[in-house]
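My entries follow in the order in which I looked things up.

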Number of protein chains: 2
Amino acid sequence: MTNCSIDEFGLISRFFGNVGEFDESSFDSPVIPLGIGDDCAILRPPPDHEICLSIDTLVCGVHFPESITPYHLGYRSLAVSLSDLAAMGALPVAFTLALTLPESNVKWLADFSRGLSQLANQYQIRLVGGDTTKGPLTVSIQVHGLVPVDQALKRSGAQVGDLICVSGSLGAAGAALSVLHLEPEIDSASAGVRHLLEHYFRPQPKIELGCLLRGYATAAIDISDGLLADFNHIAESSKVGGVFYEEKIPCSDMLRSEVGSESLSIALTAGDDYELCFCLPECHYEQLKQNELFRTVSIIGVVSSELGLKMRHKDGSERILNPKGYTHF
Amino acid sequence: MTNCSIDEFGLISRFFGNVGEFDESSFDSPVIPLGIGDDCAILRPPPDHEICLSIDTLVCGVHFPESITPYHLGYRSLAVSLSDLAAMGALPVAFTLALTLPESNVKWLADFSRGLSQLANQYQIRLVGGDTTKGPLTVSIQVHGLVPVDQALKRSGAQVGDLICVSGSLGAAGAALSVLHLEPEIDSASAGVRHLLEHYFRPQPKIELGCLLRGYATAAIDISDGLLADFNHIAESSKVGGVFYEEKIPCSDMLRSEVGSESLSIALTAGDDYELCFCLPECHYEQLKQNELFRTVSIIGVVSSELGLKMRHKDGSERILNPKGYTHF
């Protein structure tokens, strides 16, 4: 491992200068008239578009285990931030990175950059600014995305009677952290554990689905704190409640086989999957379900006028849910 | 001192929810259709405007002394970031805050917020997003400003023959850190030390001057790393050199009286003053100097075709400068 002194400009240009710069046409993007290397970057949204932005900080030992590989840290840091754009129905265009490092380590930076670049290239987004400082390992990423004026998916628009929907399956990433021993060396783990760890280390932000939902969904949020806690943000913002159907909560088969009867509880309360939860007027469902992106979408409940959250069991009985936790009984 | 558990949403709404929200008219700003409290904030630049953005991270023990008061930390963190907007000629509109704290301390947060709010209110900018995490004390602030399309002041436009100008006087903030014992309790220090510490703890971003320079200056930068190092960024971006006039470098009287013969060296190499350095075609100078904002502006040199930096002494002799340092001999 090669160490060198921290030199912000050197690091940025060496490892991150080309992230998201694929070819001349994207480099000369009219949306980004000025990228990295000046006092500021400049974003110029196309006519009738606005800019969605969100910042997330990941601290070593708090938001990720010290044993995480730099590749996975780079990947996950950007994925987590992009997920906020997905939840607004915004198309990502650029991000900034504030990286605090205990020391400047060339191999570490190269691996971190590889994780970051993989996702940046997938969504064709460009690193437009950054700040590299010396200190305890911390990653702050702010993402910027475009959305047509007044079409962003907010938390506040849910209407009574809307279907509560969720993409994918829930709980795998949470199970990786809370139930299983964390094994950052994915390759040496069993297939089941590997599946769970992959969900934790490489969440897939649901950008395409978010964009598809524009003009249809009345509210959306990405699941970072757990389904109940996050839907509760929608409920409070929209001044509505929600009833969930117990048997419709999507737990993956792998989660069930790894954690058994705990899987529902984990699916309801574990974050880190970064799936989308959204509210959809029933009239749009038939049309949207034709779309390939809706293949993994489940209807898991209905928006109610009665405030608070409830679980409806298969036998028709209901019980009140605490959005901060779920106990199985 | 009251401690409570870290609760991101609680903290943000309690201490920062109102920063920059002065009255209903600014709350409903068409530039900020959505502020804090959703997955993203939304910025909508007016027609023919673009958004300048810059992120800065301040780490405890690296960028500020552990003894700093939370008030000064809040003030300085935002000032440093706003200075990057000043250097682009951008008008600040919004900022995001990623705050990492060892513990949630109500008094600390209230004081930090007071420092932040003072500057936010002065420039009428709004906190539009944030992330509060547990960990070693670190402040990342990203600022967003508006500039008419194609009028941002970049580093790359300096032309041979332009006047090299600087605002204010240099070195006071650097002297506070490097020469004097750091005394965060400003009130108990001598008048001279207080003057220097005030420059360090409460730098004034040169927003109005930056906006005035649009359409006149060919290049600009804020002085965060020292005059020589920062002008060198302009020189390299613009593929030019610079000749400085030794007797024109503005050291404040207070700096001279506190550090004597070291004052020129400090003025050339110390950062942290956050004055503006800019290049101005001579033809614009007479007009601009009528403006009150130009009262403190000094002409300190001239842009040259010969690459590199030089110091011209009063007797007409010249010597080559190392942009990374200046030794007095």
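**Entry 1: backbone angles**

I counted 14 C-beta neighbours inside 10 Å around A:Gln124, so this residue is classed as partly exposed. The model I am reading is a predicted one. I looked up A:Gln124 for its phi, which is near 50 degrees, a positive value in a residue other than glycine. I located A:Gln124 in the loop between helix H4 (106-122) and strand S6 (126-134) of chain A. As background, I note that most residues other than glycine have a negative phi.

B:Asp48 lies in the loop between S2 and S3 of chain B. Is B:Asp48 buried or exposed? It has 10 C-beta neighbours inside 10 Å and therefore counts as exposed.

**Entry 2: strand S7 of chain A**

I next turned to strand S7 (residues 138-148) of chain A, which is mostly covered, with nine of its 11 residues buried. Which strands pair with S7(A)? I found strand S3 (residues 49-59) of chain A pairing with S7(A) in the antiparallel sense over 11 bridges. I also found strand S4 (residues 91-101) of chain A running antiparallel to S7(A), joined to it by nine bridges. I noted that A:Leu146 in S7(A) stands opposite A:Ile51 and is also the bridge partner of A:Leu91.

**Entry 3: the contact between the chains**

I recorded 45 residues of chain B in contact with 45 residues of chain A. The elements that give two or more residues to the chain B side include helix H3 (70-88), strand S4 (91-101) and strand S9 (219-222) of chain B. S3(B) supplies the largest share of that side, nine residues. By residue class, the chain B side divides into 22 nonpolar, 12 polar and 11 charged.

I then followed S3(B) across to chain A. Strand S2 (residues 41-43) of chain A pairs with S3(B) in the antiparallel sense over three bridges. Within S3(B), B:Leu53 is the residue opposite A:Ala41.

**Entry 4: symmetry**

How is chain B laid on chain A? I found that a turn of 180 degrees with a shift of 0.0 Å along the axis does so, with an RMSD of 0.0 Å. That is the relation of a two-fold axis. Of the residues of chain B, B:Pro136 comes closest to the rotation axis, its C-alpha being at 3.5 Å. Because 100% of the interface residues of chain B are also interface residues in chain A, the copies meet through the same surface.

Notes. Residues numbered from 1 in each chain as written. Chains lettered and ligands numbered in written order. Predicted model: local features only at pLDDT ≥ 70, side-chain atom pairs only at ≥ 80, totals over all residues. Contact = placed C-beta atoms within 7 Å. Helix = DSSP H or I, 4+ residues; strand = E, 2+ residues; numbered from the N terminus. Nonpolar A, V, L, I, M, F, W, Y, C, P; charged D, E, K, R; others polar. Pairing = 2+ DSSP bridges. Least-squares fit on C-alpha atoms with pLDDT ≥ 70 in both. Buried ≥ 20, exposed ≤ 12 C-beta atoms within 10 Å, placed from the backbone.
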